[in-house]
Amino acid sequence: MPSPKCTSDSELFSSPLARSAHDPLGVICCGALAFIFSSIAHEVIGHGGAALLTGSRIIRISSVYFDAVDAGPNVDAGGPLMNLLASGLLLLCHRYCRPISPYGRLLVGALTALNLFWGFGYFFFSGVTGRGDWALLFKHSESPWVWRSVLVAVGLYGYRRSITVVGKIMTPFAYASGTPATAKPRLRTAILLYLAAGMTCCFAALFYRGPVGPALRESAIESFGAFAGLWFVEPRISEVNVPGEVLNVPRDWRWITASTAIVALYVTILGRGYFG
C-alpha cells in the first residue's frame with residue numbers, strides 16, 4: 001500500500017489562491033470608481049438629498065465640501081448615514097446576486113469597504129476631533145464628552161467589524177506570492193484599492209475653484225484617513241491554505257476607458273465644485 005502523500009509547503013504555496021494575479025491598472029480603476037460612487041452617495045445623495053428634503057438651500061457642494069443655508073441635524077447626518085445604507089445594500093447584493101464579472105465583484109467589494117469605513121469612520125472622527133457630521137449631537141449638550149465617548153466607541157466597534165466583513169468579501173482576490181503558505185498574506189489588492197481611492201480624492205481637489213490647499217488637506221484626511229482599514233484586511237489562514245473561489249482581474253480596456261471617462265466627469269463637476 002503506498003504511503004499517504006504529505007502536502008509540502010511548496011505545494012500549498014502553488015495553490016490556485018496563491019497563484020492569483022490581477023492587472024494593477026484594472027484594480028486601480030475599481031478603486032477610483034469605488035471612491036467616486038461613495039463620494040456621490042455621501043455628498044450628493046446623503047447631504048444634498050437631505051438638504052432638498054428639508055428645504056435647505058445648497059450653497060456649496062464639491063468632492064470634499066458641503067454647505068447649505070439653515071441646514072439642520074438631518075443634513076449633517078445624511079452623509080454618513082447614506083454611506084452605511086449603501087454598504088448594507090451592497091452586502092445584500094454580494095450575498096444574493098453576486099456579479100459574474102471579476103471586475104463587478106471587485107467593484108462591489110471595494111464599494112462596500114469604502115462606504116463601511118467612511119460611515120463608521122465618521123463616528124470616530126467626530127468623537128475625537130469634536131467636528132464633522134456627528135458634531136451636531138454634542139454642540140449644545142451640557143455633557144459633550146459623554147456623546148463624544150459614545151461616538152468613539154461606536155466608531156471603533158463598527159470599524160473593526162467592517163474590517164472583518166471586508167476581509168471575507170476580498171478573500172477571492174488574495175495574492176500570496178512571496179509569503180509562506182502558512183502565513184496570512186496581506187491583501188495587496190486592498191492596498192492598491194486604498195491608494196487609488198485616496199489619490200482620486202486628492203486629484204479631484206486639485207481642480208477645486210476655491211482655495212486648493214485646504215481642500216487638498218481635507219481630501220487627504222477624508223480618504224487616506226477614513227479608508228485606512230484596507231491596510232488591515234487579511235484573509236484567515238484556513239481560507240488561504242484551502243483552495244476555494246479564485247478571481248483574477250484581467251486587463252479589460254472597456255472598463256479602463258469607461259473608468260477614465262467617469263473620473264474626468266467627476267473631476268470636472270464635483271472636483272471643481274458647485275457654488276449656489
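Before selecting anything, note that a helix axis here is a line fitted to C-alpha atoms over the stretch in contact, and that angles between axes run from 0 to 180 degrees between N-to-C directions. The model is a predicted one, in which local features need pLDDT of at least 70 and side-chain atom pairs count only at pLDDT 80 or more, while totals for chains, interfaces and linings use all residues. Residues are numbered from 1 along each chain as its sequence is written, and side-chain values use heavy atoms, with hydrogens and water left out.

**The whole chain**

Start with the protein chain coloured by secondary structure, which comes to 10 helices and three strands, where helices (H or I, at least four residues) and strands (E, at least two) are DSSP runs numbered from the N terminus. From the N terminus on, the order of these elements is α-α-α-β-β-α-α-α-α-α-α-α-β. Of the 276 residues, 47% count as buried, a word that stands for under 20% relative accessible area, with over 50% called exposed and the range in between partly exposed (1.4 Å probe, protein chains only).

**Helix 4 against helix 5**

Next, select residues 73-96, which are helix 4, together with residues 102-129, which are helix 5; the two pack at an angle of about 145°, with their axes 8 Å apart. Contact (heavy atoms within 4.5 Å) is made here by residues including P80, L84 and H94 of helix 4 and R105, V108 and W118 of helix 5. By class, this contact has 12 nonpolar, six polar and one charged residues, with Ala, Val, Leu, Ile, Met, Phe, Trp, Tyr, Cys and Pro counted as nonpolar, Asp, Glu, Lys and Arg as charged, and the others, Gly among them, as polar.

Stay on H94, which has its place in helix 4 and is buried, with a relative accessible area of 11%. Not counting residues up to four places away in sequence, H94 touches R105, V108 and I169.

**M170 in helix 6**

Now move to M170, which belongs to helix 6 and is buried, with a relative accessible area of 1%. Leaving aside neighbours within four places in sequence, M170 is in contact with L106, G109, L187, T189, L193 and V233.

**Helix 3 against helix 10**

Select helix 3 and then helix 10 (residues 253-271), whose axes come within 9 Å and cross at roughly 35°. Among the residues that make this contact are L25, F35 and V44 of helix 3 and W253, I262 and L270 of helix 10. The residues of this contact divide into 16 nonpolar, two polar and no charged.

**The largest pocket**

Finish at the largest pocket, which is lined by 31 residues, of which Y122, F125, G132, D133 and E222 lie nearest its centre. On a 1 Å grid over the protein atoms alone, a pocket is an open set of points where a 1.4 Å probe fits, with protein on both sides within 12 Å along at least five of seven lines, and lining residues have an atom within 4 Å of a point. The largest share of the lining, seven residues, comes from helix 5. By class, the residues of the lining divide into 15 nonpolar, seven polar and nine charged.
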